[in-house]
Amino acid sequence: MTEISGTDDLHQPQGVIAEAQSLAAEAFGAEESKFLIGGSTVGNLALIMTVCRPGDKILVQRNCHKSVYHGIIMARAEPIFLVPAVDLATGVAAGVRREDVERALQTHPDAKAVFLTNPTYYGMGIDLAKMAATVHRHDIPLLIDEAHGAHFGFHPAFPRSAMQSGADAAVQSTHKMASAMTMSSMLHLQGGRIDRERLYRHLAMLQSSSPSYILMASLDLARRHLALEACEEWERLLPLLDKLRERTGKLEWLEWPQLSANCVYATFDPLKLFLHLRTGQTSGFALQELMERHGIFPELADDSHVLLAASAGTTHKDLEALARLLESLSPQVEAEAERILLHGVVSSHYLRKQAVPMHEAVDRPRETIPLEQATGRIVAEMVIPYPPGIPVLVPGERMDEEGLEMLAELRRGRTRFHGVQDDRLHTIQVLR
């Protein structure tokens, strides 16, 4: 299919595509919704290039997706990084604190926008309504990468969505936690703080001039499924997930994240099965391999965590197989007195300052050296463990001993890396 009579045109919709986008806006509580056929990456790039011109500042959550960094580089903007709070129970970075955003806005009153990720890949979220109120006091837009929250707001058990919470724009990967085909995402808009005409121009530049009608149709069907059918399916699934957590929560070596008064996150997605291993007898990587041999495929793993994602299609049989596998491991692992925390992606590595602006570092002369010799050198590559696709080092940052140790540990765990020339990370590119 292509742009012939009756099929409409994504870049100038007036017929069926316009109607489908209007139905999406109604379902997701937005003033306007745009279909994205290049994934959430396209939406993130377009938003940043819309609100920022060369030299403009933008406040950015440091544990954001690589596409946000790419947008900053393309816009030649200046990122003001916001360090996320770390959940002490699991050792993973969660969301940013409102007081940190307020402090950064007071220090940088010329910032053009605040760009946050909510929820994280692990399902942790912040109180977005309060964050929106904080940002809007400075009369700038709050932009949300809501890639993993397309289902938010469609059931009382889920957190409220970014649109429901007052954000100005939200980008959702409708193909992740909803039922659209891969590469199919949406951009939702409300309010008058974003120049929409400028945004539309950037979307037209970044998206294919021959968009896939299959992908657009899958977005329309995913919207229909969320609005009319998914709630009944979740009503069946959610009690099963509660029983799984209750049943396996008795295992001393395993811990499920739980909301409490001391949490650094305010919401948690019940569809995210985030296993925290409290033992040194096995690792998340080893558990992932064992699960896959039994036909259970995690989203990601690291030294002390495994993440799985449930969906409307998850069955009692699926969860029973997972529970039995976890229970079968109990005699083989011993609970330790102290919790094992992830040594990789923790707060301290987010504190590095840019020695060279990112957009300059990517174009400067570079050389390839052994990773072990990189201490003190300025990194020329974006080092991205994938999944979840969050850069742990970006071009222009100086490698320190802690960063080197972190990368060596991730490499030992057979982590896949994006953004680097050597995907095994025996070498790394640095500025000459």
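A salt bridge is taken here as a side-chain nitrogen of Lys or Arg within 4 Å of a carboxyl oxygen of Asp or Glu. By that rule, one salt bridge is found across the interface of domain 1 and domain 3 in this predicted model. The pair consists of Arg62 and Glu397, whose side chains meet with an N to O distance of 3.5 Å. This pair counts as a salt bridge because 3.5 Å falls within the 4 Å limit.

The protein is divided into domain 1, covering 16–226, domain 2, covering 231–328, and domain 3, covering 352–431. Between domain 1 and domain 3, the C-alpha centres are 26 Å apart. Contact between these two domains involves 14 residues of domain 1 and 17 residues of domain 3. Together they bury an area of about 1,300 Å², with carbon and sulfur atoms giving 68% of it. On the side of domain 1, the residues that lose the most area to domain 3 are Arg62, Lys66 and Ile73, which together account for 39% of what that side buries.

Two elements give two or more residues to the side of domain 1 that touches domain 3, namely helix H3 (66–75) and strand S3 (78–82). The largest share of that side comes from H3, with five residues. Sorted by class, the side of domain 1 that touches domain 3 holds eight nonpolar residues, three polar ones and three charged ones.

Attention can now turn to the loop between H3 and S3, where Arg76 is found. Arg76 is not a glycine, yet its phi is positive, at about 55°. With a relative accessible area of 41%, Arg76 is partly exposed. A positive phi in a residue other than glycine also occurs at Met183, where the value is near 85°. Met183 is found in the loop between strand S7 (169–172) and strand S8 (185–189). The relative accessible area of Met183 is 44%, so this residue is classed as partly exposed.

The loop between H4 and S4 contains His108. His108 is classed as buried because its relative accessible area is 18%, under the 20% cut-off. Leaving aside neighbours within four places in sequence, His108 is in contact with Lys57 and Ile80. With Lys57, the side chain of His108 forms a polar contact of 3.1 Å.

Pro119 is found in the loop between S4 and strand S5 (124–125), and the peptide bond from Asn118 to Pro119 is cis, with omega near 0°.

Terms used
Residues are numbered from 1 along each chain as its sequence is written. This is a predicted model: local features need pLDDT of at least 70, side-chain atom pairs count only at pLDDT 80 or more; totals for chains, interfaces and linings use all residues. Side-chain values use heavy atoms; hydrogens and water are left out. Domain bounds come from an automatic or database domain assignment. Contact means heavy atoms within 4.5 Å. Buried area is the accessible area (1.4 Å probe) that two parts lose on being put together, summed over both. Helices (H or I, at least four residues) and strands (E, at least two) are DSSP runs, numbered from the N terminus. Ala, Val, Leu, Ile, Met, Phe, Trp, Tyr, Cys and Pro count as nonpolar, Asp, Glu, Lys and Arg as charged, and the others, Gly among them, as polar. Buried means under 20% relative accessible area, exposed over 50%, partly exposed in between (1.4 Å probe, protein chains only). A polar contact is a pair of N or O atoms within 3.5 Å; within protein, one must be able to donate a hydrogen and the other to accept it, and residues adjacent in sequence count only if both atoms are side-chain atoms.
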